[in-house]
Amino acid sequence: MPFSSNIDSSSISGNYSDSNAGGIYSNNDSDLNIQNSNINDNTTDFINHNTYGGGISNYGPLTINNSNINNNSAKYGGGLNIDTNPSLDILLTNTNINNNTSSLNGGGIYFGDGVFFFDHCRFSGNSSGNVGGAIYQSGSVDQIFFDHILFNNNHSGGSGGSIFITGGE
């Protein structure tokens with residue numbers, strides 16, 4: 001039975017990691033549920049290491065609702081890194097992902113495997129040094145759903161100012 005973590009009405013900010021996840025690291029087979037929370041101003045050592053997820057690095061089922069993921073930085077997935085089993089669902093609703101930075105790919109979110117649902121989310125002011133200013137997708141994704149999403153003022157140093165999708169394997 002997988003372990004479940006629930007974070008509600010919380011603030012995780014100003015944290016640093018030499019490795020992955022400046023804010024929250026959730027390992028394999030762990031359900032991570034975040035609601036009404038702020039994950040802001042977290043960073044990883046993206047100069048000296050291949051780091052993932054400045055705010056959150058997640059490797060299992062994930063639900064984020066009514067939360068803010070802002071001003072985080074990493075080499076991959078400045079705000080959020082998601083790398084999970086292709087059969088698992090990832091759900092983000094009523095969430096702001098703003099002003100996050102990656103030195104390479106996925107300023108806001110870097111994700112691989114899974115089925116992704118984005119509902120009533122806002123991506124604004126995210127940037128990447130390479131591709132996918134707001135979102136970078138790579139891996140075996142079955143489906144990605146966007147419903148009522150705002151992409152505004154995101155930037156990449158290469159392709160996909162807002163979204164860069166490489167497709168499934």
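Buried means under 20% relative accessible area, exposed over 50% and partly exposed in between, with a 1.4 Å probe and protein chains only. The views show a predicted model, in which local features need pLDDT of at least 70, side-chain atom pairs count only at pLDDT 80 or more, and totals for chains, interfaces and linings use all residues. Residues are numbered from 1 along each chain as its sequence is written, and side-chain values use heavy atoms, with hydrogens and water left out.

**View 1. Asparagine 154 in its loop.** The loop runs between strand 22 (150-152) and strand 23 (155-156); strands (E, at least two residues) are DSSP runs, numbered from the N terminus. Asparagine 154 is buried, because its relative accessible area is 14%.

**View 2. Surroundings of asparagine 154.** Beyond neighbours within four places in sequence, its contacts (heavy atoms within 4.5 Å) include Phe123, Ser124, Gly133 and Gly161. The C-alpha atoms of asparagine 154 and serine 124 are 5.7 Å apart, although 30 residues separate the two along the chain. Polar atoms of the asparagine 154 side chain lie 3.0 Å from the backbone oxygen of phenylalanine 123 and 3.0 Å from the backbone nitrogen of asparagine 126.

**View 3. The pairing of strands 16 and 20.** Residues 109-111 and residues 135-137 pair in the parallel sense over three bridges. Tyrosine 110 is opposite tyrosine 136 of strand 20.

Terms used:
Helix = DSSP H or I, 4+ residues; strand = E, 2+ residues; numbered from the N terminus. Polar contact = N/O pair within 3.5 Å; in protein donor to acceptor, adjacent residues only side chain to side chain. Pairing = 2+ DSSP bridges.
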